[in-house]
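My entries follow in the order in which I looked things up.

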Amino acid sequence: MKKGDHLFLVDGSGYIFRAYHALPPLTRKSDGLPVGAVSGFCNMLWKLLRDARNTDVGIVPTHFAVIFDYSSKTFRNELFTEYKANRTAPPDDLIPQFGLIRQATRAFDLPCIEKEGFEADDLIATYCRLACEAGGDTTIISSDKDLMQLVGPSVQMYDPMKDKQIGIAEVIEKWGVPPEKMIDLQALTGDSIDNVPGVPGIGPKTAAQLLEEFGDLDTLLARAGEIKQNKRRETILANAANARISRELVKLRNDVPLEEGLESLQLHPANGPRLISYLKAMEFTSLMRRVAETTGTDASAVEAGTVTVDGFESAHGPDLDVAPKAAGATTDTPAQDGKTPALLARRRAEAAAAQKLDTSAYRTVSEAQALEDLVAEAYATGVVGLDIQMTSIDPMLAEITGIALGTGAGQASYIPVGHKAQASDLLSDGATPGQMRAADVLAALQPLLSDRSVLKVGHNLKNEWLLLSRHGITLEAFDDVMLMSYVLDAGSGAHTLDALADRWLKHSALTIKELLGSGRTGIGFDRLPLERATAAAGEQADMALRLWAVLKPRLVAQGLVSIYERLERPLIPALARMESRGISIDRQMLSRLSGELAQKAGALEDDIYKAAGGPFTIGSPKQLGDILFGTLGLPGGAKTKTGQWSTSAQVLEELAAEGHDLPRKIVDWRQLTKLKSTYTDALPGYVHPETRRVHTSYSLASTSTGRLSSTEPNLQNIPIRTAEGRKIRTAFVAEDGNKLISADYSQIELRILAHVADIPQLKAAFANGDDIHAITASEMFGVPVEGMPREVRSRAKAINFGIVYGISAFGLANQLSIPREEAGAYIKRYFERFPGIRDYMDTTKAFCREHGYVETIFGRRAHYPDIRASNPSIRANSERAAINAPIQGSAADIIRRAMVRMDDALVAAGLPDVRMLLQVHDELIFEAREEDVEAAMPVIRTVMENAAMPAIALSVPLQVDARAAHNWDEAH
DNA sequence: ATAACTCCGTA
DNA sequence: GTACGGAGTTATT
């Protein structure tokens with residue numbers, strides 16, 4: 001063991017008792033063997049081994065051991081016969097689990113350590129000392145206070161059930177003394193369960209206070225006479241001997257002679273087949289599935305091992321230790337060289353493409369017994385496809401039409417609940433017969449949907465999540481194939497279910513259009529005959545499940561599991577909650593604004609017609625172009641790609657600057673009509689009939705960079721730049737007694753650029769809180785920051801933005817309205833002053849050319865297949881996008897992390913009523929009761945500013961500005 | 001009815 | 001120069 005290594009020591013015995021009491025009882029299905037604690041233990045080990053990085057530990061171990069008590073007799077009984085004497089025998093259903101847990105440890109291929117005469121705690125103390133001497137760090141997996149004395153600079157504890165780290169600060173917080181005084185504290189308080197006498201009447205608070213005052217136990221006992229409180233002084237004096245004995249009992253021995261040295265605790269890759277063999281024998285289906293996925297083992301090829309059970313009649317009968325009877329899996333060293341998951345992924349893809357999708361076995365479920373059987377089948381499989389058909393694409397408005405569950409390839413069931421008579425049957429509008437009541441179906445499915453041990457696989461499950469939450473059901477344990485595809489293939493190909501089925505299953509699914517028709521003649525899914533509905537909905541659930549089998553191994557093979565699990569999947573509940581909360585708008589104000597805008601636009605229209613010599617459709621660029629550049633003979637500028645004269649704002653502005661009247665009026669008219677049609681007229685139409693609020697929908701998978709997008713309505717493009725536009729923002733308001741809080745990252749993309757390109761001047765400027773554009777201008781033009789002309793700073797600002805967008809001389813020239821040569825000179829100058837930026841751009845382009853994608857600082861990928869295009873213009877487009885994506889995408893990842901943590905952080909801060917409502921790329925908008933606002937703002941800022949941690953320690957600080965007001969305009 | 005195009009609102 | 005979504009017009013189906 002060496003410096004940088006990290007040893008995990010699991011307190012196995014401690015865990016057994018804790019898990020037994022904390023976790024719900026669980027028995028092996030086939031024979032009723034109690035296995036709750038074993039299951040908890042296995043899940044915990046797997047989590048620590050596979051993704052300790054994703055727990056509060058945040059570290060991947062290099063060494064690992066599980067430590068057990070050998071027996072209840074130890075050297076402490078010689079010191080004090082009554083030690084642990086009043087321990088009662090463990091409960092009957094816990095007894096068989098002791099042996100099973102040791103077997104589990106061996107199945108995990110981990111050292112299982114115990115020693116006669118010593119407690120597990122002594123062994124842990126000894127390994128801690130050895131690791132410390134070797135320069136390594138240690139994490140003790142336990143929350144037992146008896147072990148807290150070991151905590152120090154290189155030793156921490158971790159509570160796996162609460163996902164909480166315990167370091168020096170946490171010990172002090174909990175007990176009021178630092179770890180090295182824990183022994184003295186426990187000597188004073190004693191422990192009734194272990195029969196450690198201590199001093200009667202002294203609890204942790206008093207003990208901490210005494211130790212604070214006297215320093216340590218010996219000093220306290222020597223100077224006990226000085227204690228003012230009579231009773232306390234007397235009991236301490238009378239129990240001094242007990243305190244000293246107690247100290248010996250609680251003090252851990254760190255000199256236990258060990259058979260296994262640190263080197264034998266070195267962690268090696270999981271033995272997939274061996275572990276699966278054990279898990280199969282224990283019938284831990286869902287963990288087995290996860291292990292199989294991750295290690296690239298075909299679980300069906302591994303036979304269940306045998307487990308020995310003491311003190312319990314097992315149907316599996318007695319046998320030796322766990323051992324796979326057949327190592328039928330692909331390899332014994334899965335995941336070791338990275339080839340196996342890739343192989344598995346490829347094999348799965350081939351199998352999926354080869355297997356024809358057969359819908360003939362789909363069933364329609366219309367009675368309680370069949371539904372019950374279906375639920376039982378789902379539990380047995382452990383993973384099901386899920387698709388809910390709704391009456392609207394908007395889950396805030398939709399009712400349930402039917403629910404499809406896929407239980408295996410070609411196996412799906414559809415439970416119709418909301419089908420109505422067919423459209424052709426105009427006379428009856430009643431419900432189709434053969435359907436259960438929605439409420440009964442939901443009640444029957446609720447346990448399954450909320451059960452963490454059964455994985456629900458669907459496509460774009462945010463809608464399902466939101467709909468179910470409206471019915472009081474929390475969807476737990478789900479995977480979303482759309483998000484998996486997005487993580488794997490953002491930038492190359494669509495992520496719709498149809499597209500994925502086409503790509504991976506070589507199956508062309510029925511499109512909505514084919515199924516329901518469209519437009520006037522189209523019907524709703526609820527008008528479909530049950531037979532066709534079953535085929536269509538079953539197919540969706542079936543496809544989702546099959547796609548999962550293809551995409552999950554690909555995630556593993558490409559090392560993208562963490563992105564998916566940290567940055568994508570948890571956003572489903574987070575966004576669903578935001579969408580369902582919605583935001584309040586002032587409809588009166590919008591209607592008043594509409595009137596004003598109409599009046600102003602109308603006045604302009606008259607002027608425009610006069611100047612043009614007659615009425616025409618101002619909104620038609622074609623007609624407008626004809627009039628401006630034909631009839632009126634103004635000098636035309638740019639052309640559009642179809643050869644028309646461009647009438648863009650930029651062209652019109654230039655004409656206006658030359659003294660022409662009409663173009664200015666057109667620009668103004670366009671602005672007014674844009675605001676009216678897109679915002680003041682459209683927004684009220686989105687107010688929900690019941691909540692009276694506007695509920696946007698966020699799309700998680702529609703950008704190439706990782707940003708979200710917002711639709712129906714798009715609340716990410718509400719005006720702000722012009723005074724006229726800002727009025728629209730003031731119509732976004734808080735409820736009475738509440739305020740809106742807007743918190744936005746300041747210059748997050750430039751900060752990320754400074755970090756990834758490692759630019760000393762920019763990093764220093766951000767660290768000092770300087771004006772970044774002024775610093776840039778100063779570097780480039782040699783002008784001092786003090787008294788810098790506005791014009792100089794704003795040029796530098798445009799260049800900074802340009803850099804983030806993958807600058808070109810052409811683009812910068814356009815932006816600044818300067819000749820291209822001048823823009824080119826600026827860029828050259830910029831690269832001279834900041835050579836790191838050019839390096840970043842060159843290496844990013846080269847990386848993208850080599851791999852076909854670029855990565856954010858967290859490892860999210862964005863693909864640019866055109867990066868190798870022979871057409872220079874297409875290639876250059878991809879290059880700029882590739883330069884921008886890591887920056888824009890990293891910023892998107894950071895705010896995603898903040899959003900994932902936000903609700904919990906607010907609850908933990910005692911602010912459960914503060915609601916996150918909107919995200920606008922670098923801004924989050926909340927609604928809070930007025931009395932909560934002051935407390936909420938620092939919590940929000942802290943979560944946002946620390947969102948990159950602990951995964952990435954940015955070399956530049958993040959800064960968040962937060963403001964509260966009654967409306968969005970004033971809050972921003 | 002749908003698609004393409006142009007324009008413009010945001011970060 | 002990056003990333004989006006939506007409205008309106010026009011041409012096509």
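**Basis.** I worked from a predicted model, in which local features need pLDDT of at least 70, side-chain atom pairs count only at pLDDT 80 or more, and totals for chains, interfaces and linings use all residues. Residues are numbered from 1 along each chain as its sequence is written, chains are lettered from A and ligands numbered from 1 in the order written, and side-chain values use heavy atoms, with hydrogens and water left out.

Over residues 725–932 I noted 60% helix and 13% strand, with the end C-alpha atoms 30 Å apart. Helices (H or I, at least four residues) and strands (E, at least two) are DSSP runs numbered from the N terminus.

**DNA strand C.** I counted a residue as near a strand if one of its heavy atoms lies within 4 Å of it. DNA strand C is surrounded by 31 residues, the closest being Ser620, Gln623, Ser709, Ala798 and Phe810. These 31 divide into 6 nonpolar, 21 polar and 4 charged; the nonpolar class is Ala, Val, Leu, Ile, Met, Phe, Trp, Tyr, Cys and Pro, the charged class is Asp, Glu, Lys and Arg, and the others, Gly among them, are polar. Helix H36 (872–908) is one of the elements that supply at least two residues, and its 5 residues are the largest share.

I then looked up polar contacts (pairs of N or O atoms within 3.5 Å). A backbone N or O atom of Ala798 lies 2.9 Å from a base oxygen of DNA strand C, and a side-chain N or O atom of Gln815 is 3.4 Å from a base nitrogen.

**DNA strand B.** I listed 25 residues around DNA strand B, with Thr640, Thr642, Lys674, Ile720 and Arg721 nearest. The side chain of Arg707 places an N or O atom 3.0 Å from a base nitrogen of DNA strand B, while a polar side-chain atom of Asp922 lies 2.8 Å from a sugar or linking oxygen.

**Cavity.** I noted that the largest cavity is lined by 14 residues, including Tyr83 and Asp146. A cavity is a set of points, on a 1 Å grid over the protein atoms alone, where a 1.4 Å probe fits but cannot get out; lining residues have an atom within 4 Å of a point. The lining has 5 nonpolar, 2 polar and 7 charged residues.

Conventions:
A polar contact is a pair of N or O atoms within 3.5 Å; within protein, one must be able to donate a hydrogen and the other to accept it, and residues adjacent in sequence count only if both atoms are side-chain atoms. On a 1 Å grid over the protein atoms alone, a cavity is a set of points where a 1.4 Å probe fits but cannot get out, and a pocket is an open set with protein on both sides within 12 Å along at least five of seven lines; lining residues have an atom within 4 Å of a point.
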